[in-house]
2 protein chains.
Amino acid sequence: MFRTNTCGELRLADAGKTVTLSGWVQRVRKMGGMTFVDLRDRYGITQLVFNDEVNAELCAQANKLGREDVIQIVGRVNERESKNKHLDTGDIEIIVDVLNVLNTSLTPPFTIEDNSDGGDDLRMKYRYLDLRRNCVRKNMELRHQMTMEVRRYLDSKGFLEIETPMLIGSTPEGARDFVVPSRMNPGQFYALPQSPQTLKQLLMVAGMDRYFQIVKCFRDEDLRADRQPEFTQIDCEMSFVEQEDVISLFEGMAKHLFKTIRGVELTEDFPRMPWSEAMRLYGSDKPDTRFGMEFVELMDVLKGTGEFGVFNDATYIGGICAEGCASYTRKQLDQLTDFVKRSQIGAKGLVYARVQDDGTVKSSVDKFYTQDVLQNLKSAMNAKEGDLILIMSGDDTMRTRKQLCELRLEMGNQLGLRDKNKFSLLWIVDFPMFEWSEEEGRLMAMHHPFTHPKDEDIPLLDTNPAAVRADAYDMVCNGVEVGGGSIRIHDPELQDKMFRILGFTHEKAQEQFGFLMNAFKYGAPPHGGLAYGLDRWVSLFAGLDSIRDCIAFPKNNSGRDVMLDAPSNIDQKQLDELNLVINIKE
Amino acid sequence: MFRTNTCGELRLADAGKTVTLSGWVQRVRKMGGMTFVDLRDRYGITQLVFNDEVNAELCAQANKLGREDVIQIVGRVNERESKNKHLDTGDIEIIVDVLNVLNTSLTPPFTIEDNSDGGDDLRMKYRYLDLRRNCVRKNMELRHQMTMEVRRYLDSKGFLEIETPMLIGSTPEGARDFVVPSRMNPGQFYALPQSPQTLKQLLMVAGMDRYFQIVKCFRDEDLRADRQPEFTQIDCEMSFVEQEDVISLFEGMAKHLFKTIRGVELTEDFPRMPWSEAMRLYGSDKPDTRFGMEFVELMDVLKGTGEFGVFNDATYIGGICAEGCASYTRKQLDQLTDFVKRSQIGAKGLVYARVQDDGTVKSSVDKFYTQDVLQNLKSAMNAKEGDLILIMSGDDTMRTRKQLCELRLEMGNQLGLRDKNKFSLLWIVDFPMFEWSEEEGRLMAMHHPFTHPKDEDIPLLDTNPAAVRADAYDMVCNGVEVGGGSIRIHDPELQDKMFRILGFTHEKAQEQFGFLMNAFKYGAPPHGGLAYGLDRWVSLFAGLDSIRDCIAFPKNNSGRDVMLDAPSNIDQKQLDELNLVINIKE
């Protein structure tokens, strides 16, 4: 037997007991004739004591231990003289009688501490060492707890977890698929699922009524900062439901998670905001509502009321009011201007206006506007003495709003309004059914082609499809879309019409989604659902900026696992069996 | 709102209530002026009543309903006159006031009944209809319950569920990998995991201490009857453990499942049988111990004691005693002989001996042996009057034992000794470390190259590796291997030696498993684990002969999903992006 106890469980009440512990050497300290070793495992740290006077040989052995060596000890639990309040085991120490080195360790390439000296690349290459760090391990524990609670909640609501296949067919609509060559079906490929969307709809046709699955999904996209080629979804679907049923059940799940995991009781209903309202007030379909600073449209106030050509030519002018920021220096304001001009944001410039202590307004466009107009501005913005008004404009309303959104978030950061321990949740509803794709020159489904239009907007499908709103909903927390879903189409004719609007020929729709369309002919129930991004949820609860640290073995921005050194070349024999030839274009 | 209740929950106590139900039309019956509709959902069946005299129009509508139409009704719960004891809702019926057809159904290609008229191929093509059948749906519910209980048990024991990546590196050792071409890393491939074996070992190096995962695994093998290219494993690993710790914990899990899912209390420890003993007594490393009929080796009794050349040349002669089967007719015995001569079994023949009512033995080789020898046979077999002794022999002990094993199982079937509601569990232990591969001309790892040899056998690695036994264990239930695992090597030098014995050059070992060997240099703890086959467990509990019906969307023997029609061709654009050319050899 390797241990009687873990390194996290011994207390004062155990004093006098003889115990066996196993773990890693966190630290060795010599103090006079005593040697102290911090022994670590997943559960905590226990202090071991070796006394040179009592057993010189054993103490000499202990002095030779290196960081991360794996040892086993037998000893007696003893009350500490100087207790350590920061450790759960801080009241005791172990007087060691037997020391057994189970395995040695090379010196780790970085320190196994919360504040490690290891850079990102090194940490990823030695991820198995990185995971030993308290702060990273805690994320794995949190993830486990969250999935346990999700399952408990959904099980209690009658949901069945049903596994859908990983080797399915490729559907070129949407993001790029990862594909898997089939040896037994030469020249043919499986695809890995981008989500089990169509499969869960088939499960509803199959009468499963309430389905969920915590499931890996795959997208072969060019990776941005916070994307992974494989990610995990909490995927759910329900039959005989309307939007209200889905929203209420999954709002309940969010509240359950906040309560059980974070100890936060959310008693109020989450606000619901139409998509158009979210775009108008925050320039985003995932607004961070931990703070106000809503947009005010200023077309009436500033367009044509002065000689400023930029505003006079604008299709959209909007402002935000940063409370108490009139004291911003010229340098700070220049930095904000540089911020919005960065290529990722792409604005042309930024106009500001300070409300001074005497109530007058001093702006960067003073020469174009009278103080009267500026007072109108102050009043429209509901600004008071000491506030700073920031204004952006442009000829594309949506694009300008998105730029202003970035500025608002930056101001939120600067003013400390985005506290990671404060949570603000809401539902975004009434999404447009379609969005226009310049690239494709056609309407695209904003969510996916199976989304049900709002009943009252169905007539618009024939006359003005761009105006059709969908029974679609996203749950947003702190500016992060944590989940989203929709009521689905269950009527094969309506689905057919939808495909036509999306530019599918009948043949193409049949080829790609025939299995689903056919299934709908055999008594499909009304149904709808939702999918949560597990990685996002965990990183939100963990207070992480990136999803990477809540994934055990993440990939880097080139889609590589640097620890495993994957992907890699495969044997010619494997290629031959798959009937494949590699042909890399220069 | 689509329903106030499900079709499975209304009882006599609800009589008088007005309810709304939604579901599928299972059956429509006209009796006089009344029409009865059985309305079905996942939760049960509720009888609807339409009365021609009360509402002729509504009743006419009901008469037009077809099987599997989806309807919604509003009505009043009424006590039935003739109650149906076979239905949970059999005490009540609904007098319908409002009928709303939500969706119609074409006539299904087979009946949605437990005893369906649909063949396997049709059922798989329309799997979403097949899943509506009570008996198939129940398997999905069972699978959900089992995974919930597995998670509850392991969570209570401090295990963390940690997701390991699906896109990893290819390791040509072992079965064939499914590979995934990487677009971002031209010419390189990921592989889908055959199991998370090395990753869970890395998690132990990472100090995760107790890991589990219910996880999809992939093997590109030529599919036999009960294999699927993707299957699900309950994958577990623990640190600081010996074989005894792992066995005791997972025996506890099996008992927990039997108790919570099947209501069977298994109070005794599961027997443990060395592999060599299992081969000697049952000719199998997964013996069905629901019945005895153990092998008796008969070399002393029958070799050289008579003129029968087949036995006199044999390396192995073994028999089983089928109680009370002396009455088997010549035809039955011929059928048994044909059975063992089938190409799947490949025996040359079968010798039998009946113990007659007067105690004498009458055998098919009477002319070669004296009655004295046959009496010795009877006594060696512990056979009594009325028993039938069946004997097989050959020049390859293992092969002959496997043939005799098939015969034993067949006799178990014929005698009704393999009751699906009786469960007999045991551990097979002390597996050989290696087995000789004729094909490769070298020793191969019987489990995998990371298995720890028994401490006392380590010296044999240098002198007689074929004799080395491993710290490996399989859990067997009713002749099915439901799980297996081992203590792993955590010492890089021992691992190195193992790779050498397995014929790996240092370079090849480094190329394929370098990431693991390197990790072992940084303080790997002693560790071991086990993996259960979830599909097997569920089919065992469900009493199914195949794993297919406990998988929502299984593939056929060519690895095809006939419902999705996958795999399939992909666009040239996709191939180009992946730098691949298809080259099918004629």
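Are R42(A) and E141(A) buried or exposed? Both residues are buried. The legends below describe a predicted model.

**View 1. A salt bridge joins R42(A) and E141(A).** The N to O distance between the two side chains is 3.6 Å. R42(A) lies in the loop between β2 (34-41) and β3 (44-51) of chain A, and E141(A) lies in helix α4 (residues 134-156) of chain A. The pair links distant parts of the chain, 99 residues apart. Side chains of opposite charge can pair when their charged atoms come close.

**View 2. D269(A) and K255(A) form a salt bridge.** Their closest N and O atoms are 3.9 Å apart. D269(A) sits in the loop between α6 (243-262) and β11 (272-274) of chain A, whereas K255(A) belongs to helix α6, 14 residues apart from it. D269(A) counts as exposed because its relative accessibility is 64%. K255(A), at 18% relative accessibility, counts as buried.

**View 3. D288(A) meets R290(A) in a salt bridge.** Here the N to O distance is 2.7 Å. D288(A) has a relative accessible area of 1% and is therefore buried. R290(A) is buried as well, with a relative accessible area of 8%.

View 4. Over all chains, a search of the whole structure finds 105 salt bridges.

**View 5. Chain A can be laid on chain B.** A turn of 180° with a shift of 0.0 Å along the axis gives an RMSD of 0.1 Å. The two copies are therefore related as by a two-fold rotation axis. Of the interface residues of chain A, 100% are also interface residues in chain B, so the copies meet through the same surface.

Note on methods
Residues numbered from 1 in each chain as written. Chains lettered and ligands numbered in written order. Predicted model: local features only at pLDDT ≥ 70, side-chain atom pairs only at ≥ 80, totals over all residues. Heavy atoms only, no water. Least-squares fit on C-alpha atoms with pLDDT ≥ 70 in both. Contact = heavy atoms within 4.5 Å. Salt bridge = Lys/Arg side-chain N within 4 Å of Asp/Glu carboxyl O. Helix = DSSP H or I, 4+ residues; strand = E, 2+ residues; numbered from the N terminus. Buried < 20%, exposed > 50% of the residue type's maximum accessible area, 1.4 Å probe, protein only.
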